[in-house]
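Please open the structure in your viewer and keep the selection tool at hand. The stops below can be taken in order, each one naming what to select and then saying what is to be found there.

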Number of protein chains: 4
Amino acid sequence: NLTVKCRRSEYIEPKQPVFNTNSSFIQQDSVGAFTPRVYAGYTIYKGKAALTIEPKAPEFVALDSGAYKVSKEGMMLLQFAPAFGTRQYDWSRKQVFSLSISEIGTLIGLSGSDTCEFFHDPNKGKSDEGKVRKVLKVEPLPDGSGLFFNLSVQNKLLNVDESIYIPISKGEFAVMVSTFNYILPFLLGWHAFVNSIKPEDSVRFNNANVEWSR
Amino acid sequence: NLTVKCRRSEYIEPKQPVFNTNSSFIQQDSVGAFTPRVYAGYTIYKGKAALTIEPKAPEFVALDSGAYKVSKEGMMLLQFAPAFGTRQYDWSRKQVFSLSISEIGTLIGLSGSDTCEFFHDPNKGKSDEGKVRKVLKVEPLPDGSGLFFNLSVQNKLLNVDESIYIPISKGEFAVMVSTFNYILPFLLGWHAFVNSIKPEDSVRFNNANVEWSR
Amino acid sequence: NLTVKCRRSEYIEPKQPVFNTNSSFIQQDSVGAFTPRVYAGYTIYKGKAALTIEPKAPEFVALDSGAYKVSKEGMMLLQFAPAFGTRQYDWSRKQVFSLSISEIGTLIGLSGSDTCEFFHDPNKGKSDEGKVRKVLKVEPLPDGSGLFFNLSVQNKLLNVDESIYIPISKGEFAVMVSTFNYILPFLLGWHAFVNSIKPEDSVRFNNANVEWSR
Amino acid sequence: NLTVKCRRSEYIEPKQPVFNTNSSFIQQDSVGAFTPRVYAGYTIYKGKAALTIEPKAPEFVALDSGAYKVSKEGMMLLQFAPAFGTRQYDWSRKQVFSLSISEIGTLIGLSGSDTCEFFHDPNKGKSDEGKVRKVLKVEPLPDGSGLFFNLSVQNKLLNVDESIYIPISKGEFAVMVSTFNYILPFLLGWHAFVNSIKPEDSVRFNNANVEWSR
């Protein structure tokens, strides 16, 4: 059994409800078509807690050339809410954890009996560094039927010391891995690169490329 | 060998023929282009039965902000028809089974010698609860060449007690797993999220995001 | 070690050169944009032979409702050409083999030490049935560094009895499996289904769906 | 443990900075919409070096028929930069290595304890052949926590003999494999083939196809 440990600080730790719906999210694209914003998630409901996974889009900056590059990689937001009754969950008491690209990779590559632990400090590099400590631990269920996700949050600022556990079946974990594999290139902005490759343009750019490689 | 058992009730259990073609499915999109509806499936024909798998799209609701979110996850419909002659199948006697997202995940994650069983009651929570009982069992073929899919339906309302078996080769199962992996993010609506991420919009939204994360 | 054997007849066995470029392939789509046809392939060049894999698109039919469904599944065309000099291949003497959807699945699911064999008769069900016999055999290389692809063609009509061998490295086979996984849903037309799922339309269709499920 | 060795010459070995931003990359497509060029990458920062992976698009040529085919396969550019301080990397001293399609496949297919080595000579076939020799070696980390990437460059023209090492965690390697699997079909131009398959066109082409297959 292998244990993977990663330490990373989180600069942004969203505090909004599952889906933030405050602002206008209708966008008009360059042909005059509207691209409505769409929310994506996947929620697993269990006896003592619920877990929602939700991708957060990368951010881009425009370069002087008119091209774009990714300025901030996307991430996968995990939200854990405790149950307060049968299939009723208290999202106001939820605890959140943002998986970075390589942490997503660690989960994708996790094999049967592996355990992994991620350590985050949302205030890393700020005056409150060390005051909040989050640990996400993923380990096999004793009966081999899946994995345990355990998020522990120690918040000395709010005097909070909480731990939320949720068992994830092999099938649910396979869904997570499948969606992680799907979304990873998008979190890195590679879909936008791919969309910008067109046979018609390539022909035009060929000469330029030859010039440039000399 | 591991046996995975899942119990789930199904609220909607479609009764239509393989492809429902009653209504007009031409849609005009926002740039005035028509997006024709397209049916997708994959059918395996064997001596005693045929099995069709067919994805069912998720449903969305519009939010006040103009954004959309998934109101009902998609699913994978399995349709089993008994043979009544050489390569002739009686689809009027078909039995259907809708795989949920996590059941699809269970099949994706199934390794060589695993067995899994799913239990459904289409009338769960209604007055006829318990009257119809469906069990889908997937287990390895004795010679190791693939898997046995067995759908048993006990319907006390119609006095039906049927079982349809179909052997699925390793190659056919690999096709199922490949298409499941492809379609899973779409059944969760993640493709619509991805389509809504554009570099041009991101730049504009960046300021808003910074504001909002404070 | 497992040996998978499949027998299948081929109704269409293309005879054209690697890329058929006879006809006009510029298409005007519904918004007045032109969608140029694009050829896709992947060629492996070795000492005694070359192998090209090339996907063949599915065919669709329009239904009365305006929707479309797949009328013929796509396939993966394998073309084997013998070498007649250093990195020179005689494509006029090539032998071809069309992988069906489930045969593609068999190759995707092939593990290390497995062997598989596919038997095709392009004239199955015609008067010349049995006159042409094709066997594609895939087996591990003795040194474990990859796989041997061997296409044998016995053609009694042309008095041909040929066998073309090509060793495929693990890396090249991983490319084949990756492209097979990518293209499989497209060969089944599922990409067209996915493209027809839009949040805006879903909202409109919801009422209809509820009606229909009763 | 298996060692895969591949020898390949590289005709183009880019020398530009991570993202080339010299020229105007705004393109107007056939419906008058602008498709901005987008840069894609993934960078891993470690104590002694950083590694950036960045896909390079395939090139296409137009055929007389109006169709397109790939004239040059895409590749995956690896850029290694040595560290000169805490999280500071000297990109002016970077060494680059372009993975071909089958080399990408080799990395995708690499299992736990495998080692692989790729040998490149950027001047293969030119007068300076043999003057520059690059070796990329990928081998398991002794503690089983990931892989070692080691790029050695012997350049007799510039009197350079350098070696850059970077440890890659299992999670980071899973990200690489996931993005490689995503991008491989695009590097071969298969996305452009897929985009050119539309149900509406297929119906029109069916007759032509039947004609042509006779």
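Begin by selecting A:Asn150 together with A:Ser163, whose side chains are joined by a polar contact of 3.2 Å. Bear in mind from this first stop onward that the model is a predicted one. A:Asn150 belongs to strand β14 of chain A, which covers residues 146-155, and with a relative accessibility of 10% A:Asn150 counts as buried, because the cut-off for that class is under 20%. If you now show what surrounds A:Asn150, leaving out the neighbours within four places in sequence, you will find A:Val135, A:Leu136 and A:Lys137 in contact with it, and also A:Ser163, A:Ile164 and A:Tyr165.

Of the 214 residues in chain A, 56% are buried. Among the contacts in chain A that link residues at least 6 apart in sequence, 52% join residues at least 24 apart.

The largest nonpolar core has 186 residues, and the members that touch the most others are A:Phe149, B:Phe149, C:Phe149 and D:Phe149. To see one of these surroundings in detail, centre the view on B:Phe149 and set aside its neighbours within four places in sequence; its contacts then include B:Leu51, B:Phe80, B:Leu107 and B:Leu136. Further contacts of B:Phe149 are made with B:Lys137, B:Val138, B:Ile164, B:Tyr165, B:Ile166, B:Ile168, B:Phe173 and B:Met176.

Stay with chain B and select B:Arg93 and B:Glu162, which form a salt bridge whose closest N and O atoms are 3.5 Å apart. B:Arg93 sits in the loop between β10 (88-89) and β11 (95-99) of chain B, while B:Glu162 sits in strand β15 (residues 160-169) of that chain, so the pair ties together parts that are 69 residues apart in sequence. B:Arg93 is partly exposed, at a relative accessible area of 43%, and B:Glu162, at 23% relative accessibility, also counts as partly exposed.

Still in chain B, move to B:Thr106, which is found in helix α1 (residues 101-108). At a relative accessibility of 7%, B:Thr106 counts as buried. If you draw a distance from the C-alpha atom of B:Thr106 to that of B:Glu117, a residue 11 places away along the chain, the separation is 9.8 Å.

Other salt bridges come next, and the count over all chains is 17. Select C:Glu54 and C:Lys56, whose side chains meet in a salt bridge of 3.3 Å, N to O; both C:Glu54 and C:Lys56 are buried. Then turn to chain D, where the side chains of D:Lys56 and D:Glu54 likewise meet in a salt bridge, with 3.3 Å from N to O. Here D:Lys56 is buried with a relative accessible area of 18%, and D:Glu54 counts as buried at 3% relative accessibility.

Remaining in chain D, look at two loop residues and their backbone angles. D:Arg87 has a positive phi of about 55°, although it is not a glycine, and its place is in the loop between β9 (75-85) and β10 (88-89) of chain D. With 61% relative accessibility, D:Arg87 counts as exposed. Select D:Asn159 next, a residue in the loop between β14 (146-155) and β15 (160-169) of chain D. The phi of D:Asn159 is near 55°, again a positive value in a residue other than glycine, and D:Asn159 is exposed, with a relative accessible area of 73%.

For the last stop, show chain D and chain B together: what do the two chains bury between them? The area comes to about 240 Å², with 83% of it on carbon and sulfur atoms. On the side of chain D, the residues that lose the most area to chain B are D:Pro36, D:Pro199 and D:Glu200, which together account for 76% of what that side buries. By class, the part of chain D that touches chain B has 3 nonpolar residues, no polar ones and 1 charged residue. The contact takes 4 residues from chain D and 4 residues from chain B.

Definitions and conventions. Residues are numbered from 1 along each chain as its sequence is written. Chains are lettered from A and ligands numbered from 1 in the order in which they are written. This is a predicted model: local features need pLDDT of at least 70, side-chain atom pairs count only at pLDDT 80 or more; totals for chains, interfaces and linings use all residues. Side-chain values use heavy atoms; hydrogens and water are left out. Contact means heavy atoms within 4.5 Å. Buried area is the accessible area (1.4 Å probe) that two parts lose on being put together, summed over both. Ala, Val, Leu, Ile, Met, Phe, Trp, Tyr, Cys and Pro count as nonpolar, Asp, Glu, Lys and Arg as charged, and the others, Gly among them, as polar. A nonpolar core is a set of buried Ala, Val, Leu, Ile, Met, Phe, Trp, Tyr and Cys residues joined through side-chain atoms within 4.5 Å. Buried means under 20% relative accessible area, exposed over 50%, partly exposed in between (1.4 Å probe, protein chains only). Helices (H or I, at least four residues) and strands (E, at least two) are DSSP runs, numbered from the N terminus. A polar contact is a pair of N or O atoms within 3.5 Å; within protein, one must be able to donate a hydrogen and the other to accept it, and residues adjacent in sequence count only if both atoms are side-chain atoms. A salt bridge is a side-chain nitrogen of Lys or Arg within 4 Å of a carboxyl oxygen of Asp or Glu.
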